[in-house]
Amino acid sequence: ENEVIPIKLLDTDTISQAKEKILDALYKNTPVSRRPQLGEVDLELRRGNSGVLLRDHDSSNEREGQWVRINTLGHYKLEHMSKLYQENQRNPQPRFRLITRRERPVSMISLDTIGTMIANISGPSRNSLIPTEEERTYHLVRPEAVDPAEGGASRQGNKIMSEVFLTRLLSTKRILQPYVDDVFKVVFSNSSEKPVPKAIKYLFDFLDLQAANMGISDPDVLHTWKTNSLILRFWVNLLKNPDFLFDIHKSVTVDSCLSVISQAYIDACSTSETKYTKDTPSAKLLYANEMRQYKDHVRGYYDIIQSAPKLDNQEMDAYLRTAVQAAPVLFSSDGALYELYKYAVKYSDGIISALREHDLTDQALSFQSIAETL
C-alpha cells in the first residue's frame, strides 16, 4: 500500500516553490546530492485526458510592459485538494495529497478535485519560456517605480514591508532563541567542566607570542586576530553554510535566517560598540538586548584561554597523533600537505622575503626550489 503524505502548499507558491516542497517531502531522508534537481521535474495539471505543464514562465504569464509576473498555483486555478501521481509507474497510485490554501489557512476541502497533478521524475524538464533580458520578473507584488535620486530604493515600500513582517520576525526569534543560545554556549564554552580544546589553546598562545614579538600591546588587535582566526573563519562559516558540512539543501529563506544569526555572532566578537539608529535594519536590531551579554561572554572566553596553562610543542604533537589515530579515516596527511602547499604558493613571495629577513636563507632557497618544481 502506497503512503499518502499531506503537503501544505499555498496558491501563492510559484511552480518552483511547489516542486521544491514536493521533492522535500518525497526525499526528506535522502541526501540532497542524490535528489532530482528542480529542472529534472515537471508538474502537469490534468483534466480528463488533457493536461498542461505548470511553469514559472510560459505564454500565459501576466505581462504589463516590461514586467512579467511569475506563475503560481493560483494562476492555474489549482484551489482544491489534489492527488499527486508518479507518471513513470505502470499503474499510478496516489502518492501524495496536496493541500492548496489561500493566503490564509482554510479547512481542507473535498477530495473530489478538478484535476490531478502529475510529477514526472523520469527525465529532464522540457524547455520553458524564459523572460528576455529586457523583461523584469516579480512574484506577488510588482516593485514600485524607484527614484534614482534616492539610491534606487523605495523608502516607503521598505518601511511598509518592515512593519508588516516585524511581528513575525520577533516571534520567529523567540522560537529560535534557545537554540541560538545553546550553540553560543558551546562555541564559547568557558566552563571548567569542559576544558578548552588544546588546538585552540595552542593557536591562541601562538597569536599571543606573535603580538609580543611585534610589540603589539593593544588588546583589541589581539582580540581581532583571535576572532578572525577561529570565530569568523570557522564557526561563523559553518553556521552560515551548514551545507559545507551536511549534504542538505539550503533554501533562500534559511540562508537569510542564518545570515541574521551569523551577524549576531560577528557583532558579539567585535571590540567596537554597536550603535543602533532609526536606520539600523530590523534584522540587526533583533539581538540588541542580548549583545552586551554576548560580548562579555566572548571576552571571558578569551581570558580563560589566555590564563590556562601553556602547551609545549611536544604535548601538542602527542595530542595530534592521538587524534589522528582515533579517527584515521577522517584525516589525510596528503590532503593536509596539499592545502598547506596551496596556501604557501599563494603567498610564496612574502614567505621567501620573511625567511630571508630572519636570516633563514637556506630555508628560503629550499622553499623557492620546491615551489618552482611543483
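D359 is found in the loop between α10 and α11, the latter spanning residues 361-373. This is a welcome place to begin a tour of the structure, which is a predicted model. D359 has a positive phi of about 55° although it is not a glycine. As background, most residues other than glycine have a negative phi. With a relative accessibility of 68%, D359 counts as exposed, because exposed residues are those over 50%.

Along the chain, D349 and Q368 are 19 residues apart, while their C-alpha atoms are separated by 8.9 Å.

The secondary structure comes to 11 helices and nine strands. The protein chain has 374 residues, of which 29% count as buried. When contacts between residues at least 6 apart in sequence are considered, 65% of them join residues at least 24 apart.

Attention can now turn to the interior. In soluble globular proteins, nonpolar side chains tend to be buried together. Here, the largest nonpolar core holds 25 residues, and F188, I231 and Y287 touch the most other members. Two or more residues of this core are given by each of α2 (155-187), α3 (198-213), α4 (219-240), α5 (252-269) and α7 (288-307). The largest share, six residues, comes from α7. Leaving aside residues up to four places away in sequence, F188 touches I231, Y265, C269, H297, V298 and Y301. Apart from this core lies another, of 11 residues, with L9, A25, L43 and Y76 among them.

The buried residues of α7 include E290, M291, Y294, K295, V298, Y301, Y302 and I305. These residues cover an arc of only 145° around the axis, so they sit on the same side of α7. On the face of α7 turned away from its buried side are the exposed residues N289, Q293 and S307.

How do α4 and α7 pack, and at what angle? The two helices meet at about 95°, with their axes 12 Å apart. Because of this angle, α4 is roughly perpendicular to α7. On the α4 side, the contact is made by L222, H223, K226, T227, L230 and I231, and on the α7 side by V298, R299, Y301, Y302 and Q306.

K226 has its place in helix α4. Is this lysine buried or exposed, given its relative accessible area? The value is 4%, and K226 is therefore buried, as the cut-off is under 20%. Not counting residues up to four places away in sequence, K226 touches F204, L207, D208, I231, Y302 and Q306. Of these partners, Y302 and Q306 are also among the α7 residues that make the contact with α4.

Technical notes:
Residues numbered from 1 in each chain as written. Predicted model: local features only at pLDDT ≥ 70, side-chain atom pairs only at ≥ 80, totals over all residues. Heavy atoms only, no water. Core = buried A, V, L, I, M, F, W, Y, C linked by side-chain atoms within 4.5 Å. Buried < 20%, exposed > 50% of the residue type's maximum accessible area, 1.4 Å probe, protein only. Helix = DSSP H or I, 4+ residues; strand = E, 2+ residues; numbered from the N terminus. Contact = heavy atoms within 4.5 Å. Arc of directions from axis to C-beta. Axes fitted to C-alpha atoms, helices over the stretch in contact; angles between N-to-C directions. Parallel < 35°, antiparallel > 145°, perpendicular 65-115°, else oblique.
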